[in-house]
Structure formats: C-alpha cells, structure tokens
Amino acid sequence: GQLPNHAAFVVKLGLGELRINFAPDPRAAPGSNQGGSRAYLVEDGFAQMVDNRLTVLTTRAIPVEQLTESDAQAELNKAEAAKPENTSLSAATALRRDRDRARLKLRLALARARAGKGI
C-alpha cells in the first residue's frame with residue numbers, strides 16, 4: 001500500500017496483481033460515490049509515485065474481471081503440457097513464465113468468483 005504524501009519512488013514491476021483502492025469523492029453527493037477498488041494482472045514494467053500521483057507503465061495489464069476460471073484453466077493445462085522448443089535457458093524461462101502467468105490468472109479468477117463482485 002501507499003499512503004498519501006509519501007516520498008517519491010520508482011519500482012520495477014514483475015508478474016503479479018496490482019490492486020488500486022479508490023477513496024470516496026468528498027465532493028460527490030452523499031451515497032453516490034462510495035469509492036471501490038480495481039484489480040489487474042500486470043506483467044513487467046514500472047510504477048512511479050510522485051506528488052500523490054501514481055503512474056504505471058506495464059507490458060500487460062488485464063482487468064481481473066475479464067479473467068475466467070475456464071479460460072485460465074485451459075491456458076494452464078496448455079502451458080503445463082508444453083515442452084521447451086530447445087534446451088536453451090531462454091526457452092525454459094519463457095515456458096516457466098507462461099506457467100506462472102496461467103497459475104496467477106487462475107488464482108485471480110477463482111478469488112474473484114469467491115468474492116462475487118467487481119468494482
């Protein structure tokens with residue numbers, strides 16, 4: 001988490017979940033804006049926080065509400081069945097990354113289904 005008025009920073013992103021929590025808008029009519037949160041599967045990139053403003057530059061950002069258990073399970077099955085095209089380290093790393101991405105998609109899809117809600 002990041003609290004307001006924190007010192008500026010830049011971080012490198014890997015593969016993971018990015019959750020953004022929105023505070024209620026104090027200027028909105030009572031009951032019209034209760035805040036909320038959004039979650040994304042992100043892959044690689046950078047995030048910067050300066051003057052209470054977050055900037056995220058990422059290779060991939062998929063809203064969690066677009067992930068389905070069936071699609072994620074199919075992707076995981078395909079990734080786990082795949083064999084490296086050659087014996088190079090880069091081929092093995094790419095295959096491991098595909099499997100990790102598919103597992104994360106499945107975990108996020110299942111968590112969303114259990115929660116039963118989006119933003």
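Modeller: Start with the helix pair: α1 passes α2 in a left-handed crossing. Left-handed means the near helix is turned anticlockwise from the far one by less than a right angle, right-handed clockwise. Helices (H or I, at least four residues) and strands (E, at least two) are DSSP runs, numbered from the N terminus.

Biologist: What are the ground rules?

Modeller: This is a predicted model; local features need pLDDT of at least 70, side-chain atom pairs count only at pLDDT 80 or more, and totals for chains, interfaces and linings use all residues. Residues are numbered from 1 along each chain as its sequence is written, and side-chain values use heavy atoms, without hydrogens and water.

Biologist: Why is α1 called roughly antiparallel to α2?

Modeller: Helix α1 (residues 69–81) and helix α2 (residues 89–115) pack at an angle of about 160°, with axes 8 Å apart. Axes are lines fitted to C-alpha atoms, for helices over the stretch in contact, and angles run from 0 to 180 degrees between N-to-C directions. Under 35 degrees is roughly parallel, over 145 roughly antiparallel, 65 to 115 roughly perpendicular, the rest oblique. So α1 is roughly antiparallel to α2.

Biologist: What makes Arg97 and Asp44 a salt bridge?

Modeller: The rule wants a side-chain nitrogen of Lys or Arg within 4 Å of a carboxyl oxygen of Asp or Glu. For Arg97 and Asp44 the closest N and O atoms are 2.7 Å apart, so the pair meets the rule. Arg97 is in helix α2 and Asp44 in strand β2, 53 residues apart.

Biologist: How many salt bridges does the rule give?

Modeller: The count comes to ten salt bridges. One of them joins Glu65 and Arg38, closest N and O atoms 2.5 Å apart. Glu65 lies in the loop between β3 (53–63) and α1, and Arg38 in strand β2 (residues 36–50), so the pair ties together parts 27 residues apart in sequence.

Biologist: Why is Arg38 called partly exposed?

Modeller: Buried means under 20% relative accessible area, exposed over 50%, partly exposed in between (1.4 Å probe, protein chains only). Arg38 has 22%, so it is partly exposed. Glu65, at 31%, is partly exposed too.
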